[in-house]
Amino acid sequence: MKNRLSSFNGLTLVKVLIYLFFGVFLLLPLVSVFLVSFTGQPINLLGSITDPNILNSTIEKFSSASFDNYEKIFTNKTYFSAVQNSLELAILVSLIVIVMCIPIAYGIARTTMPFKKTIAALCTIPLIVPTFISAYAIIIMFGRAGWVTYIYNSLGGEGMLLNPYSMAGIVLVQVFFFFPYALWPMVAAFKVSDISLEEASLNLGARNWFTFIFVTFPLAIPGVISSALLIFTVSFSDFGTPIILAPKDLNLLVVEAYREIAGFFNWGGAAILTVIMVLVAAFFFWLQHLFTKGKNYGSVSGKPKQQKLNDSKGLTRTLSVYSLVLVIIPVLAMISILLQSLATTWGKNPLPNGYTLSHYQTIFSSSMGNIQNSIVLALGALILSVIIATFVSYFVVRQNSSKLDFMTSIPLVVPGIAFGIALIQTFNTAPLHLTGTALLLIVAYTIRRLPYMVRSTMGTMRAIKQDIEEAAVNLGATPLTAAITIIGPLMLPGIAAGSILVFITVIKETSISILLAPADWAPMSLAIFQNILRGEYYTAAAMSVVLVIIVLILQAIANRISKNQL
Amino acid sequence: MGSVKVSQLTKEFSGVHALKNVNLDIQEGEFFALLGPSGCGKTTTMRCIAGFEQPTSGTIQIGEAKVNHIPPNKRNCGMVFQSYALFPHMNVFENVAYSLNIKQLNSSNIAAKLPIYLRLLNRKLGKYPKPIEQKVMEILEYVELDKHATRLTSELSGGQQQRVALARALVMEPAVLLMDEPLSNLDQKLRHSMRNTIRRIQQDLGITTIFVTHDQEEAMSMADRVAVMDSGEVKQIGTPIELYSRPSTPFIANFVGTSNVLKGTVVGQENGYSVVKGHGFLIKSTNHVEQKEVNVIVRPENIKAFKPGTISSDELTNIIEGTVLVSTYLGSIVRYDIKVEEYQLVVDTTFVPGESILTEGEKVQLTIDPERVLLI
Ligand SMILES: Nc1ncnc2c1ncn2[C@@H]1O[C@H](COP(=O)(O)OP(=O)(O)OP(=O)(O)O)[C@@H](O)[C@H]1O
Ligand SMILES: [Mg+2]
């Protein structure tokens with residue numbers, strides 16, 4: 001409302017509080033970790049403000065600041081190879097994903113491929129599963145006692161088809177569980193590219209494959225590159241897969257940073273690795289934006305073009321078989337987890353030796369606490385996100401607060417493990433000693449997921465014209481009553497869909513949970529992780545199934561809500 | 001019901017002067033139109049009255065009370081928005097009942113508030129009290145929408161939505177009714193019939209109404225009085241007839257209907273006429289003004305066109321020679337564009353069946369009754 005007299009105090013106060021929240025829990029940690037990368041010792045910026053003694057020691061630390069850590073990137077073999085391996089992994093994964101997806105995307109976008117709907121539906125499965133569970137599933141399949149290994153050996157193969165505990169294993173998981181992120185933008189790119197040019201090419205007598213290589217594909221290239229960059233960032237920031245699969249001698253940035261902090265309390269080392277992670281992720285995020293800017297592949301607007309779909313029998317059948325084989329792999333991985341959770345024992349055989357529900361009994365009797373923790377933490381993050389996101393979108397949409405808009409997008413470029421390290425470092429001591437509390441965990445989850453929530457609520461807020469709000473006030477309602485009776489109900493579907501997604505992602509969240517969760521607040525993801533480390537594979541599998549089922553149900557509800565909204 | 005008095009109203013938006021010393025004195029029960037080109041500050045004036053904008057300076061009075069510091073929800077101004085701003089999640093009945101619910105909400109204790117909130121949030125959660133239901137149905141009948149009471153507003157035509165917006169504003173029995181270009185979203189035909197509907201309701205209820213429009217025909221045909229605005233200033237206030245016959249500036253003369261504006265100098269007085277000389281013409285007017293440099297304003301229908309040599313003897317004053325550039329047949333009238341020296345005059349003549357129309361390139365003689373020549 002423009003009526004400053006009545007709304008100045010309340011709303012301005014909320015705005016200040018939101019800035020304070022982001023300042024303390026996002027900017028301060030990032031700045032601190034940046035400074036630590038120079039000093040090599042923890043810096044307590046908040047303490048320096050409240051306590052002169054801490055201030056003195058901080059100043060002392062600064063006087064000994066140096067570029068030592070930055071030099072180490074090149075001189076320290078471990079760091080250097082970590083950077084090298086991480087980049088290599090991300091590049092490899094994005095290249096393989098793109099090559100693998102081109103035929104599927106073309107098939108979905110431009111042919112009458114059979115089973116198109118089934119393939120599209122199966123493609124959503126990888127996104128539901130947290131990567132450390134996928135990684136674990138790959139162990140069940142390809143491990144020494146895995147059923148794939150069994151089949152491979154009985155066909156005459158020696159040893160393992162593919163060692164899951166290797167770079168190849170990590171690539172395998174990331175490729176098959178991240179490819180949907182690239183697939184849909186690529187489908188859109190193929191749909192948009194100009195049909196008339198292709199027809200011209202075909203009319204001129206060019207063959208189908210020639211037309212594809214020289215006309216269709218080049219037109220889709222910007223969309224393909226942008227997808228590749230997206231996969232790069234996702235792979236580079238992923239923590240769940242490497243932490244399960246990376247062998248001791250394979251250094252990766254995320255794992256190395258985790259070890260520095262959780263194993264050796266080497267603040268300087270963790271800080272420099274964090275800084276590198278953030279810079280690389282931010283750079284590729286920016287590159288990706290550069291490519292998508294101005295090109296709206298998602299929404300094909302204007303007059304719908306009559307698409308002529310390729311219906312050559314040989315081609316569509318080949319594409320269909322190819323796509324089905326690829327999208328079935330994540331499904332097999334999930335089935336493996338399901339079987340493992342139901343198995344009495346499962347040795348080196350294609351199927352378990354016997355079936356039982358006892359593992360579920362075990363987790364429902366002894367690990368109920370973890371399920372509860374997950375739900376409570378996710379609810380906490382959900383409530384905090386809803387409140388903050390609603391106000392942020394109000395300020396951004398109604399008051400053009402672009403600073404706030406920018407601030408809430410920052411978490412997009414900060415890998416989870418990097419953000420976790422920054423938080424631990426900053427809230428380790430007084431005056432805000434929060435490391436090891438559920439509160440910090442909730443705050444971390446909230447900030448990580450806020451960008452998605454804000455986008456969802458902002459869209460809904462934009463759709464509500466300002467004059468609707470003014471009409472309510474004009475009819476006698478106070479701004480607050482107008483918000484409750486008009487804005488609230490109109491925003492509800494957007495908020496509901498967004499908050500379920502927050503809930504889901506928090507339950508799936510790995511890096512923050514592993515790094516920050518105290519023992520008495522361990523959520524499901526941490527419990528599964530610890531079970532795997534301890535070799536309690538059957539309960540880990542059962543808990544994973546429960547987690548995936550919770551996510552599936554919530555996802556279905558969210559889809560329902562957002563569909564009704566349209 | 002009340003009068004509205006706006007004094008010395010100024011509004012600045014970060015450097016943009018949207019309103020400069022606007023004064024309006026609107027009588028109780030009057031239908032008052034704000035007319036002006038796009039961006040002249042009509043909406044801003046209205047939003048200041050409704051309380052959505054705080055004036056930079058100046059006062060606003062509704063009835064006897066100064067309302068500058070009364071928040072918009074307490075001003076009791078019914079507003080009809082240009083986009084109608086209907087609540088999309090409520091049906092027609094609920095839209096209209098909104099202000100009555102709010103009124104009841106404000107006057108009840110905490111325990112009684114809950115059921116009102118509930119029925120505001122979802123129609124299934126609460127029943128409406130009889131008096132509210134009756135009042136809403138009455139007003140819906142009045143705007144001929146009682147049959148559509150349970151429809152969602154998105155399922156209505158533009159004209160019906162317009163009437164919902166009107167009913168929603170009227171049901172709260174506002175002191176003033178504010179309408180911001182309410183007809184601009186309707187097609188030509190509907191616009192004409194809605195003009196009559198709005199005017200009839202306004203007369204019936206005797207409600208003070210401020211009506212914003214940039215369509216002069218709309219303002220002239222509906223309003224008791226019209227204020228013409230331009231670049232944030234009120235240029236003239238008067239009844240439609242006053243504005244048409246005595247515009248105070250060439251801008252208004254052209255904005256309110258079509259006018260011919262010629263520049264000239266008063267060269268003397270003769271038999272009670274002012275004599276004005278311009279480029280290629282000498283014109284007499286019964287109008288007397290102080291200044292020497294004047295604008296000569298003549299309405300198209302006050303000029304008569306003759307083929308050379310056919311002028312009757314009682315038309316011998318103010319004869320001007322010209323050439324027909326374009327002639328347009330408009331049904332009951334014929335409009336000519338006629339070149340007179342550097343000017344291009346618009347002349348409307350009544351079309352008489354059987355008489356020939358002047359053709360392009362033809363020489364003509366024009367005569368103007370000195371009583372119809374306005375000097376400003
Ligand atoms: N919120 C605002 N911020 C800055 N300038 C504004 C704002 N609202 C209006 N203005 C400016 O004030 C001037 C008057 O605007 P106003 O909306 O009152 O015009 P109007 O007469 O209603 O025009 P229209 O017929 O196009 O609706 C315009 O120059 C406009 O750009
Ligand atoms: Mg306007």
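B:Asn21 sits in strand E2 of chain B, where helices (H or I, at least four residues) and strands (E, at least two) are DSSP runs numbered from the N terminus. The model is a predicted one, in which local features need pLDDT of at least 70, side-chain atom pairs count only at pLDDT 80 or more, and totals for chains, interfaces and linings use all residues; side-chain values use heavy atoms, with hydrogens and water left out. Residues are numbered from 1 along each chain as its sequence is written, while chains are lettered from A and ligands numbered from 1 in the order in which they are written.

B:Asn21 is not a glycine, yet its phi is positive, at about 45 degrees. Its relative accessible area of 46% makes B:Asn21 partly exposed; buried means under 20% relative accessible area, exposed over 50%, and partly exposed in between (1.4 Å probe, protein chains only). A second residue of chain B other than glycine with a positive phi is B:Tyr84, near 70 degrees. B:Tyr84 belongs to the loop between strand E6 (77-80) and helix H2 (92-106) of chain B. With a relative accessible area of 4%, B:Tyr84 is buried.

Strand E2 is part of an open sheet of four strands in chain B, ordered E2-E1-E4-E5 and paired in the antiparallel sense. Strand E2 (16-26) and strand E5 (65-66) of chain B are the edges; each has a single partner strand, so one side of each has no neighbour in the sheet. Pairing here requires that DSSP finds at least two bridges between two strands. Strands of a sheet pair through backbone hydrogen bonds, either parallel or antiparallel. Between strand E1 (residues 4-13) of chain B and E2(B) there are seven bridges, and the pairing is antiparallel. Within this pair, B:Lys11 is placed opposite B:Leu19 of E2(B).

Another strand of chain B, E10 (residues 233-238), contains B:Glu233. B:Glu233 has 32% relative accessibility and therefore counts as partly exposed. Residues up to four places away in sequence aside, B:Glu233 touches B:Lys20 and B:Val228, a contact being heavy atoms within 4.5 Å. B:Glu233 and B:His17 are separated by 216 residues in sequence, while their C-alpha atoms are 9.9 Å apart in space.

Further along chain B is strand E19 (residues 363-368), with five of its six residues buried, so the strand is largely enclosed by the rest of the structure. E19(B) is joined to strand E15 (residues 303-306) of chain B by four bridges, and the two run antiparallel. In that pairing B:Ala305 stands opposite B:Leu366 of E19(B). Strand E16 (residues 319-329) of chain B also pairs with E19(B), over five bridges and in the antiparallel sense. There the residue opposite B:Val364 of E19(B) is B:Gly322. In a regular strand the side chains alternate between the two faces of the sheet.

Taken whole, the secondary structure of chain B amounts to nine helices and 20 strands. Of its 376 residues, 50% are buried. Along the principal axes, the C-alpha atoms of chain B fill a box of roughly 90 × 50 × 35 Å. Of the contacts in chain B between residues at least 6 apart in sequence, 66% join residues at least 24 apart.

Helix H18 (residues 368-399) of chain A includes A:Ser385, which counts as buried because its relative accessibility is 0%. Beyond its neighbours within four places in sequence, A:Ser385 is in contact with A:Thr390, A:Thr446, A:Leu450, A:Met453 and A:Val502. In helix H25 (residues 524-534) of chain A, eight of the 11 residues are buried, and the helix is mostly covered. Among the buried residues of H25(A) are A:Met524, A:Leu526, A:Ile528, A:Phe529 and A:Ile532. An α-helix has 3.6 residues a turn, so residues three or four places apart point the same way. Just after H25(A) comes A:Gly535, with a positive phi of about 80 degrees.
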